[in-house]
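User: Hello! Could you walk me through this structure with a few questions and answers?

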Amino acid sequence: MKTAVFSARRYDKTLLARANGDAGHELRFVEDRLTLSTAGLAEGCEAVCVFVNDCVDAEVLGVLARQGTRLVATRSTGYNQIDVAAARQHGIEVVRVTDYSPHSVAEFAVGLLLGVNRKIARASARTRDGNFDLEGLMGFDLHGKTIGVIGTGKIGLIFARIMAGFGCTILGHDPWPNPAFGQAGGSYVGVDELLARSDVVSLHCPLTEATRHIIDAGNLARAKRGSILVNTSRGGLVDTEAAIAALKSGQLGGLAIDVYEQEANLFFQDLSSTIICDDVIQRLVSFPNVIVTGHQAFFTVEAVGQIMQTTIDSITAFERGEALLNRVPPA
Ligand code: NAI
């Protein structure tokens with residue numbers, strides 16, 4: 001099936017082509033993001049393959065539908081960038097990658113937590129510069145501390161299990177409780193109690209209208225003073241301006257994010273030789289107690305291999321008229 005692959009980086013091209021080996025789909029790689037102005041590059045492609053920062057809104061879907069697209073396959077678990085209802089109206093199916101190493105993201109969240117708490121990136125930068133001073137590098141033991149997990153699905157559960165292994169008390173908040181979370185030693189509480197009691201809060205829920213800015217000024221004020229916030233889920237879960245204010249006042253003791261609300265214009269590209277006009281991200285990276293990474297939590301051999309294989313399998317199933325196992329259901 002003719003498939004336009006947007007936001008295609010070198011690793012996408014290599015690994016998607018490898019997964020496509022026997023399937024033999026005709027892949028048209030496009031390095032640009034999918035937007036209204038690039039949608040024309042998918043002319044004649046029945047399938048369009050996208051990533052997290054592509055714009056798949058109603059307008060873009062209208063263009064794709066007129067050009068013959070019948071399937072949008074996102075190389076991600078989250079699908080908040082796709083207007084699924086509009087896709088249905090245009091007769092376009094939407095598939096995602098429901099299952100791929102959730103360990104990749106959970107382990108990275110733990111890494112971010114250790115990095116920000118123990119100042120590992122700062123320490124490494126110092127020693128490279130011949131500075132072996134420990135001033136400003138003190139962290140705290142995670143053992144015995146309370147960890148709040150918002151969203152206890154696949155990734156949140158694994159994160160909770162790892163943190164239980166550190167000897168932490170695990171609190172969770174999720175409108176749809178997961179029995180395995182209790183078996184892992186976690187206890188469900190309301191979001192206010194979770195924020196008030198947790199030394200660390202880690203976000204593992206999807207971005208929806210209900211969760212947008214779930215961490216806002218009000219919830220930051222209700223959080224335990226000096227607590228650390230980790231976000232590997234989606235940038236829109238956090239009101240970044242409110243987080244900056246909380247960092248300035250000391251209410252927030254540390255912030256480690258792999259996702260950022262305005263990341264679409266920044267992430268997955270080398271901007272090191274340009275002037276970055278986003279003052280919010282520039283302010284964020286100026287804090288000594290903030291770590292920002294560029295949406296790489298999923299980026300392991302295991303996870304990316306699985307993402308590519310599932311994507312190709314979905315396109316093949318669609319071409320053959322078979323059941324779509326990873327179909328995104330209408331809202
Ligand atoms: P999942 O669907 O297994 O779990 C999500 C959990 O969030 C579910 O248990 C759901 O009930 C819960 N939830 C929904 N609304 C909620 C609310 N209002 N408050 C609290 N919990 C709520 O999804 P999975 O695989 O664990 O992924 C979680 C998120 O991680 C994805 O939606 C995606 O945004 C993000 N992600 C980030 C990656 C990265 O590279 N940084 C890679 C993969 C996923």
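Here are some questions about aromatic rings and the ligand.

Analyst: This is a predicted model, where local features need pLDDT of at least 70, side-chain atom pairs count only at pLDDT 80 or more, and totals for chains, interfaces and linings use all residues. Residues are numbered from 1 along each chain as its sequence is written, and side-chain values use heavy atoms, with hydrogens and water left out.

User: How many aromatic pairs does the structure hold?

Analyst: Rings of Phe, Tyr and Trp (its six-membered ring) pair if their centres lie within 6.5 Å; planes under 30 degrees apart count as stacked, over 60 as edge-to-face and the rest as tilted. By that rule, the number of aromatic pairs in the structure is five.

User: What is the angle between the planes of phenylalanine 181 and tyrosine 188?

Analyst: These two residues, phenylalanine 181 and tyrosine 188, form a tilted pair, 4.8 Å centre to centre. The angle between their planes is 45°.

User: Which residue has a backbone N or O atom 2.9 Å from an oxygen atom of the ligand?

Analyst: A polar contact is a pair of N or O atoms within 3.5 Å; within protein, one must be able to donate a hydrogen and the other to accept it, and residues adjacent in sequence count only if both atoms are side-chain atoms. A polar side-chain atom of serine 233 lies 3.2 Å from a ligand oxygen atom, and one of arginine 234 lies 3.4 Å from a ligand oxygen atom. The backbone atom at 2.9 Å belongs to isoleucine 155.
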